[in-house]
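Have your viewer ready and follow along, one selection at a time.

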Amino acid sequence: PSKGWERLRVQVDSGAVDTVMPKDAVKGVPLVPTEASRAGRGYVAANGTKITNYGEKSVMGYTDDWMGVTMKMTCTDVKKPLASAHRNHVMSRT
C-alpha cells in the first residue's frame with residue numbers, strides 16, 4: 001500500500017448481523033464510541049462467546065476495481081473484518 005493507506009481485506013458474511021473489524025485495524029482512523037458501546041451492548045458469537053463492542057470507525061477507500069466505498073465498521077475482538085450482507089454500504093464509481 002501507498003503511504004497513508006492501509007489495505008483492509010473484508011469478507012462478506014451472510015450470517016453477520018453487523019459489519020465488524022478488529023479494533024486495532026485501520027490505525028489512521030479514530031475509534032468513536034457509540035451509544036451501544038457506551039451502554040456495554042456487544043455481540044454473542046455462534047459458540048456463545050461474548051464479544052465486546054468498542055465503538056466504530058468510518059472507513060473510506062476503494063475496492064480492487066477502483067469503486068469508492070464507505071463503511072461504518074463496529075470495532076470488536078474479531079480476528080478479521082466481516083461485512084454484513086444485510087447492511088447497506090455506500091459504494092460509488094469515482
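Helices (H or I, at least four residues) and strands (E, at least two) are DSSP runs, numbered from the N terminus. Following the sequence, the order is β-β-α-β-β-β-β-β-β.

A word on what is loaded: this is a predicted model, where local features need pLDDT of at least 70 and side-chain atom pairs count only at pLDDT 80 or more, while totals for chains, interfaces and linings use all residues. Residues are numbered from 1 along each chain as its sequence is written, and side-chain values use heavy atoms, leaving out hydrogens and water.

Next, show the surface. The protein chain exposes about 6800 Å², with 54% of that supplied by carbon and sulfur atoms; areas come from the Shrake-Rupley method with a 1.4 Å probe, and for residues only the protein chains shown count as cover. Of the 94 residues, 30% are buried (under 20% relative accessible area; exposed is over 50%, partly exposed in between, with a 1.4 Å probe and protein chains only).

Select Val26, in the loop between strand E2 (20–22) and helix H1 (35–38). Its phi is near 50 degrees, positive in a residue other than glycine. Is Val26 buried or exposed? Val26 is buried, at 9% relative accessible area.

Last stop: Trp66, in the loop between strand E5 (55–62) and strand E6 (67–76). Trp66 also has a positive phi, near 65 degrees, but this residue is exposed, with a relative accessible area of 61%.
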